[in-house]
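Here is a short briefing to read alongside the structure. Have the sequence and the coordinates open, and let's walk through them together.

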Amino acid sequence: MSEAIETTRNLARDRAVSSLAIQIGFRAGWFALTLLGAAFLVEVLLWASPGDPIDLLPNGEDLRPLLEREWGLDLPLAARFLRFVGRALQGDLGTSLTVHPGTPVRELVVDAWIRSMGLLVPSLLASLATALALAWWTAGTPSKLRGLVQVVSVAPVFLFAYLLVVGINDATFALLEGGYIDRPDWFALPDQPSWVRTALAIAAMAIGSGCLTELHAGSENELVQIRTSGFIDAVRARGGPAAPHVLPNLVAPLATLAAGRVGFLVGGLVVVEKVLLLNGAGALMWDACLKRDYPLAMGLAIAAAAIVALANLVGDLVRFSVDPRLRRRP
Amino acid sequence: MSRRPESVFLGAIPPALVLCAWGVSVLTDYDVVADVDPSRAGLGPSPALPFGTDHMGRDVFWRTVTASEAFVGPALVACAVALAIAVPLGALAGYSGGTTARAVRYLFDVVASVPRFVLVLLACMIYGSDPLVLATAAGASYAPGLGQAVYARLEALRGAEFVLAARAHGLSDARILGRHLLWVNCRRLVGRHLLYLFGFFLILETTLSYIGGFGIEEPQPSWGNMLAFEFGQHGMNPLATLVPAAAIWLTVLGTVIVADALAEPGDV
């Protein structure tokens with residue numbers, strides 16, 4: 001008898017594992033397809049452009065035949081796209097034209113994104129933690145805090161960063177002129193890195209352009225649903241604490257919510273890095289677009305799309321791994 | 001999120017004022033170059049100059065009003081672009097289902113995977129930072145969000161009893177889709193998304209103009225470049241900074257409040 005139960009249990013586990021593998025495979029395939037699509041989209045935008053990158057080079061016209069062959073500008077769209085994908089698979093995204101002439105795009109993109117991850121990940125985590133803490137308190141109650149969160153969070157990221165910088169600058173100048181403090185060491189010149197600016201950037205991204213209010217409203221919604229469900233009533237009826245049962249059920253919806261915010265945060269990254277003079281993928285993207293450095297802008301945009309698609313993939317995998325109900329149907 | 005009528009009324013005031021300012025600005029001509037007058041730089045508010053002047057002696061009130069031209073028109077174009085792309089595609093996918101739905105959703109996923117701001121920057125790089133390019137790019141980058149919402153709504157309603165009843169009465173697919181599904185069941189949803197897009201476009205335009213390079217360039221005013229222009233001007237008229245900052249903040253807030261008021265029961 002116990003052997004039969006054991007076999008059934010093993011079978012169920014095997015089926016769950018194989019269905020998880022199918023789901024992971026399905027999601028990973030969708031990720032790869034989306035990324036290919038994004039690369040194609042960028043390639044179409046470039047293909048339909050009125051000029052070409054050679055016009056921007058000082059001696060472009062002399063080198064035109066050579067460069068057209070090198071970059072495949074004379075090829076039709078599909079061939080250009082396949083060539084780009086083939087090279088990208090070998091890690092070759094071309095070389096920068098105008099921002100860092102001659103430097104491989106891959107090197108620039110990887111370096112810049114590693115630096116920017118130091119802003120992106122902390123701001124996502126900070127926003128999520130703050131939203132959850134606020135939601136834990138306000139969910140299901142008529143709270144003025146909800147309106148306040150919306151009023152503050154709706155301000156654009158750049159306005160937040162601007163007001164924080166102006167406020168801190170003016171306050172510090174006033175204190176310095178009054179002789180209350182000596183020049184603090186964090187009060188750096190714009191060309192020097194400073195932890196204050198990094199902290200301001202993380203705060204502006206975590207709160208601004210509706211990030212905090214979206215996560216807060218989403219968490220509240222999930223919390224209300226979980227707290228009013230039957231199993232929490234059962235836990236309460238037995239006199240146990242509800243929190244250990246609420247929190248694990250929050251993981252899946254929060255993963256989806258957080259993954260959905262990554263695209264917005266990447267947009268915010270461009271803004272804060274320009275406004276607060278930080279050096280990362282966002283600022284590099286801006287410079288590449290301003291100086292019409294096509295290969296670099298393309299590389300950075302595709303890396304941004306990859307990060308957004310990867311965030312969705314991770315969000316899905318987290319959901320599948322914590323919620324067995326999702327594994328039944330591939 | 002359900003809201004009290006009085007807060008929705010208050011929320012509607014800033015967007016309404018912006019539309020009035022846009023109308024006034026289009027009808028009058030304020031000369032942005034001739035207004036420079038260094039002898040009245042950084043003046044405080046007075047009856048003739050309600051918000052004072054900036055550090056080049058320009059009238060902050062008129063610049064704030066004129067700056068509405070930088071985004072209202074293009075934002076309406078962006079809304080039209082998003083509407084024209086997202087609603088037909090979303091409706092097609094939601095009403096027909098199957099392979100068409102998968103293909104359309106894949107298209108939406110691809111466009112949505114490139115962050116909106118990055119897509120707009122790419123478009124500005126390739127086609128120049130003309131307001132029309134900005135508007136088209138913003139509308140196209142917003143389209144997946146609206147399209148997914150329309151798709152999800154129609155997917156849920158496709159098999160509803162009232163649709164079966166309409167079909168049994170012999171109504172055409174076009175009439176069921178256009179009137180019963182899109183007009184009756186999706187207009188608030190679409191209206192809400194278009195208001196969000198309006199707010200998004202305001203944020204986009206002021207951000208680009210603030211950082212400079214794309215967007216509106218001096219001497220043409222935008223609330224974004226007005227802020228950038230006054231940066232670091234200590235002891236000058238503080239209203240020259242506070243007025244555009246408050247204008248951005250309140251307009252986005254008001255737009256979002258009105259949009260949230262359009263949410264139907266069951267919407268998140």
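This is a predicted model: local features need pLDDT of at least 70, side-chain atom pairs count only at pLDDT 80 or more; totals for chains, interfaces and linings use all residues.

A residue counts as buried when its relative accessible area is under 20%, as exposed when it is over 50%, and as partly exposed in between (1.4 Å probe, protein chains only).

Residues are numbered from 1 along each chain as its sequence is written, chains are lettered from A and ligands numbered from 1 in the order in which they are written, and side-chain values use heavy atoms, with hydrogens and water left out.

**Fold of each chain**

- Chain A has 12 helices and 0 strands, where helices (H or I, at least four residues) and strands (E, at least two) are DSSP runs numbered from the N terminus.
- The radius of gyration of chain A, taken over C-alpha atoms, is 25 Å, well over the 20 Å from the globule rule (2.2 Å times the number of residues to the power 0.38), so chain A is more spread out than a compact globule.
- The C-alpha trace of chain A spans about 80 × 70 × 30 Å along its principal axes.
- Chain B has 10 helices and 0 strands, and its C-alpha atoms fill a box of roughly 75 × 45 × 30 Å along the principal axes.

**Contacts and charges**

- In chain A, 69% of the contacts (heavy atoms within 4.5 Å) with a separation of 6 or more join residues 24 or more positions apart.
- Chain A carries 27 positive side chains (Lys and Arg) and 28 negative ones (Asp and Glu), with His and the chain ends not counted. The centres of these two sets lie 11 Å apart, with each charge placed at NZ of Lys, CZ of Arg, CG of Asp or CD of Glu.
- For chain B, the mean positions of 16 positive and 20 negative charges are 16 Å apart.

**The interface**

- Contacts link 52 residues of chain A with 42 residues of chain B.
- The two chains bury about 4100 Å² between them, 80% of it on carbon and sulfur atoms; buried area is the accessible area (1.4 Å probe) lost on being put together, summed over both parts.
- Phe158(A), Tyr162(A) and Trp286(A) supply 17% of the area that chain A buries against chain B, more than any other three residues.

**A closer look at Arg188(B)**

- Arg188(B) sits in helix H8 (residues 173-211) of chain B, and it is partly exposed at 38% relative accessibility.
- Leaving out residues up to four places away in sequence, Arg188(B) touches Ala261(B), Leu262(B), Ala263(B) and Glu264(B).
- The C-alpha atoms of Arg188(B) and Ala259(B) are 9.1 Å apart, although 71 residues separate them along the chain.
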